[in-house]
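Subject: Structure for you to look at

Hello,

Here is the structure I said I would pass on. Please open it first, then read the notes below with it on screen.

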Amino acid sequence: MPRRFAAAGIHLLISACVAAAAASVVLLIWYPPPYGTIAGGLGLFALLVSVDVILGPALTAVVASPGKPVRELRRDLAVIVMVQLAAFAYGVWSIALARPVYVSFEIDRFRVVTAADIEAQTLADAPAALRSLPWLGPKEIAAVKPTDLAEQERSIELGLAGFDLSVDPRNWRDYASQRDAAWKKARPVSLLLRKYPQQATAARDIAARAGQDLNALRFLPLMSRRAIWSAVIAAPDARIVGYLPVDGFI
């Protein structure tokens with residue numbers, strides 16, 4: 001039993017260190033708060049860690065029997081580690097594919113766009129500055145309605161099929177070019193707090209961090225495949241300064 005516990009304990013420690021290193025990338029860079037909740041990164045990573053980090057040491061405890069020759073034990077452990085690393089790498093890659101890459105202003109809302117939403121070959125149609133997907137957290141952009149008649153018809157067809165403006169790179173624009181439109185569509189945070197007074201403290205904290213008066217802040221709905229929140233924006237550039245976990249469609 002001491003051999004089993006020692007082997008499993010060492011394996012668990014190494015696995016935990018690897019998981020901690022991955023967590024710093026996944027939860028702080030790919031899914032910075034609150035996108036771990038909005039885009040589902042927390043759930044995906046928790047599933048990966050619970051299956052991979054726990055299962056590997058458990059299998060080590062099973063194979064590390066006291067009577068097993070050292071050569072056989074090394075072989076078994078090597079197989080377990082290779083399988084564990086392969087599974088972990090696949091899990092991290094799956095999380096990377098689901099990472100949020102853009103927060104797109106779309107008509108009257110923000111939409112979270114993930115890497116999985118974008119077909120790689122369509123990136124060539126995006127403006128030059130937006131032809132590669134970010135790896136250091138989601139960036140703010142805008143998506144505009146096409147002006148060409150053929151493109152409008154295509155956009156309608158895609159919309160009916162469930163594809164929004166923001167998932168077509170041809171519609172992407174620099175957020176600065178549309179920030180005035182975003183500000184005009186946004187509404188005062190005070191209206192949101194009338195419906196959700198329990199968010200008053202969080203809203204005041206956002207205002208304080210942004211160096212803004214609470215009454216000067218506005219909000220727009222923030223949509224993802226998993227949730228609808230509210231994005232709080234501030235003048236003069238309509239930048240996102242915070243988030244509230246309540247439905248912004250009021």
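Arginine 111 forms a salt bridge with glutamate 106, and the closest N and O atoms of the pair are 2.9 Å apart. Both partners are buried: arginine 111 is, and so is glutamate 106. Please keep in mind that this is a predicted model, so the distances and angles in this email are computed from it.

The total number of salt bridges comes to 7. Another of them joins aspartate 108 to arginine 109, with 2.8 Å from N to O.

Aspartate 76 is buried, because its relative accessible area is 15% and the limit for buried is under 20%. The pair belongs to a network of salt bridges that links Lys68, Arg75 and Asp76.

Next, the helices. Two packed helices are described by the angle between their axes and the distance between the axes.

Start with α1 (residues 2-30) and α4 (residues 70-97). Their axes come within 12 Å and cross at roughly 15°. Angles under 35 degrees count as roughly parallel, so α1 and α4 are roughly parallel to each other. The crossing of α1 past α4 is right-handed. On the α1 side, the contact is made by Arg3, His11, Ser15, Val18, Ala19, Ala22, Val26 and Trp30. On the α4 side, the residues in the contact include Val70, Leu73, Ile80, Phe88 and Ala96. Sorted by class, the residues of the contact of α1 with α4 are 13 nonpolar, 3 polar and 1 charged.

Now compare helix α3 (residues 41-63) with α4. The axes of α3 and α4 come within 10 Å and cross at roughly 175°. Which way do α3 and α4 run relative to each other? An angle over 145 degrees counts as roughly antiparallel, so α3 and α4 are roughly antiparallel to each other. Among the α3 residues that meet α4 are Leu44, Phe45, Leu48, Asp52 and Val53. Among the α4 residues they meet are Leu73, Asp76, Leu77, Ile80 and Phe88. The contact of α3 with α4 has 14 nonpolar, 4 polar and 2 charged residues.

- Alanine 19 lies in helix α1. Alanine 19 is buried, with a relative accessible area of 8%. Leaving out residues up to four places away in sequence, alanine 19 touches Phe45, Val49, Val53 and Phe88. Alanine 19 and arginine 218 are 199 residues apart in sequence, and their C-alpha atoms are 38 Å apart in space.
- Isoleucine 206 lies in helix α8 (residues 200-210). Isoleucine 206 has 2% relative accessibility and counts as buried. Leaving out residues up to four places away in sequence, isoleucine 206 touches Leu217, Val232, Val241, Gly242, Tyr243 and Leu244. Isoleucine 206 and phenylalanine 110 are 96 residues apart along the chain, with 18 Å between their C-alpha atoms.

Last, some backbone details in the loops. Where are the cis peptide bonds described here? One runs from proline 33 to proline 34, with omega near 5°. Proline 34 is in the loop between α1 and α2 (35-38). Another runs from alanine 235 to proline 236, with omega near 10°. Proline 236 is in the loop between β7 (228-234) and β8 (239-244).

The loop between β7 and β8 also holds alanine 238. Alanine 238 has a positive phi of about 55° although it is not a glycine. Alanine 238 is buried, with a relative accessible area of 1%. Isoleucine 107 also has a positive phi, of about 70°, and is not a glycine. Isoleucine 107 sits in the loop between β1 (100-106) and β2 (109-114). At 39% relative accessibility, isoleucine 107 counts as partly exposed.

Regards

Note on methods. Residues numbered from 1 in each chain as written. Predicted model: local features only at pLDDT ≥ 70, side-chain atom pairs only at ≥ 80, totals over all residues. Heavy atoms only, no water. Axes fitted to C-alpha atoms, helices over the stretch in contact; angles between N-to-C directions. Helix = DSSP H or I, 4+ residues; strand = E, 2+ residues; numbered from the N terminus. Parallel < 35°, antiparallel > 145°, perpendicular 65-115°, else oblique. Left-handed = near helix turned anticlockwise from the far one by under 90°. Contact = heavy atoms within 4.5 Å. Nonpolar A, V, L, I, M, F, W, Y, C, P; charged D, E, K, R; others polar. Salt bridge = Lys/Arg side-chain N within 4 Å of Asp/Glu carboxyl O. Buried < 20%, exposed > 50% of the residue type's maximum accessible area, 1.4 Å probe, protein only.
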